[in-house]
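Reader: I am new to this structure and would like to know what the words used for it rest on. Please go through them one at a time.

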Amino acid sequence: MNPKTRQYLREYKWSNILAMLKNNLKEPKICTERFQHKLVVITGATSGIGYATARKYASQGANLLCVNRNLQRSERLKAELEKEFRISCEFRIADLSKLSEIFRVSQELSELEQPIDVLIHNAGIYLTKRELTAEGYDKVFVVHYLASFMMNYLLMEKLKAQSRARIIMVGSEGHRFAVWGLRLDDLNWEKRRYTGLQSYGSAKTAQLLSTLSFSELFRGSGVTINTMHPGAVKSATGQDNGPLYRWFKRNLLDRGLKAPETSAEALYYLGVSQEVEGLSGKFFNLTSLEEPAPPALDREMAKQLWTKTLKLTRLHTFGVQ
């Protein structure tokens, strides 16, 4: 059991749960401002929320650089958006479950001459069975947390030098499944029974804790970082599971969900609207400010996780201090 369980139990508030339920019924605020000739980087842009978000930004004049796994889908996306919206849509191919590829694509982004105006961490995965990466880490933890951490860390100096940028992490109310918080001694689920919901919740909690840490490092630089729950919308997450889960998702889970354009509107608002200018280290349910669960607000745990993450990612072996 997490030694902080008692602390978290004291900090849970029914009012926050009620606020979440109320916010789940809201539609996102709409931003009508154009984003002409700005550069937006999106991970996982060939389907679901990422695809809808890429189209939204492109429709408002933004240029795109998408980080995707699939070459053919990336080529189709580039051709579609450039033809329809007359913008530039470039892409980089990378498997964000592999630390070496995360490092490579992050280095490529850090060497771009033009500023990155908005960076959206959207790539995600949901697994019902434990799966380890080639480096031996829980795959869900890597894709949802380590990938965004490494990218933010390796882009930190570039973004600071720009004097302005917005980072948006596509998080989830699912962080609340990690009721008792993170187990830094068991991030790979070797000491506990693995469940898809708890693994997902832990990764999303780690993501929120990193938002706190990066927000402090970016303070005063003009760079902001926030996390948002994308709402109950249809996405491709979960397609890597077995046929039974895919049938359940398609025929039951997805039926009551909204179109991913809902999330795209929220991600556009958070990336462009002047109403959120300067806000950092926050959690949004679509575009409504919300307080996360206590384990995701633990600044002491955030510091411990930061130290642990630097060791896990072995950034020092790449010459990064």
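**Terms and the values behind them**

Reader: Why is S215 called buried?

Author: The model is a predicted one. S215 has a relative accessibility of 10%, and buried means under 20%, so S215 counts as buried.

Reader: Where does S215 lie, and what does S215 touch?

Author: S215 lies in helix α7. Leaving aside residues up to four places away in sequence, S215 touches I225, S280 and G281.

Reader: What makes a space a pocket, and what is the volume of the second largest pocket?

Author: A pocket is an open set of points, whereas from a cavity the probe cannot get out. The volume of the second largest pocket is about 280 Å³. There are 19 residues in its lining, and those closest to its centre are S215, T224, G278, S280 and G281. Two or more lining residues come from each of β5 (165-170), α7 (196-217) and β6 (223-229).

Reader: Which element gives the most to the lining of the second largest pocket, and how do the residues divide?

Author: Helix α7 gives the most, with three residues. The lining divides into four nonpolar, eight polar and seven charged residues. Gly counts as polar.

Reader: How many cavities of 30 Å³ or more are there?

Author: The count comes to one cavity of 30 Å³ or more. The largest cavity has a volume of about 70 Å³. Its lining holds 13 residues, with T43, H121, A123, V143 and S148 closest to the centre. The elements giving two or more residues to this lining are α6 (139-162) and α7.

Reader: What is the largest share of the lining of the largest cavity, and how do the residues divide?

Author: Helix α6 provides the largest share, five residues. Six of the lining residues are nonpolar, six are polar and one is charged.

Reader: In what order do the eight strands form the open sheet?

Author: The order is β3-β2-β1-β4-β5-β6-β7-β8, and the pairing is mixed. The strands β3 (89-93) and β8 (288-290) are called edge strands because each pairs on one side only. On average, neighbouring strands of this sheet are turned by 25° against each other, direction ignored.

Reader: How do you know that β1 and β4 pair?

Author: Pairing takes at least two bridges, and three bridges join β1 (residues 39-43) to β4 (residues 118-121), so the two strands pair. Strands β1 and β4 run parallel. The bridge partner of I42 in β4 is I120, and that of V41 is L119.

Reader: How many bridges join β4 to β5?

Author: Four bridges join β4 to β5, and the two strands run parallel. V118 stands opposite R166 in β5.

Reader: Which way do the residues of β4 point, and are they buried or exposed?

Author: V118 and I120 point one way from β4, L119 and H121 point the other way, and all are buried. In a regular strand the side chains alternate between the two faces of the sheet.

Reader: Which strands do helices α2 and α4 lie across?

Author: Helix α2 (residues 14-23) lies across β7 (283-285) and β8, and runs at about 160° to β8. Helix α4 (residues 71-85) lies across β2 (63-68) and β3, and runs at about 170° to β3.

Key
Residues numbered from 1 in each chain as written. Predicted model: local features only at pLDDT ≥ 70, side-chain atom pairs only at ≥ 80, totals over all residues. Heavy atoms only, no water. 1 Å grid on protein atoms, 1.4 Å probe; cavity = no way out; pocket = protein on both sides within 12 Å on 5 of 7 lines; lining within 4 Å. Points joined across faces, edges and corners; volume = space filled by probe spheres on them. Axes fitted to C-alpha atoms, helices over the stretch in contact; angles between N-to-C directions. Contact = heavy atoms within 4.5 Å. Buried < 20%, exposed > 50% of the residue type's maximum accessible area, 1.4 Å probe, protein only.
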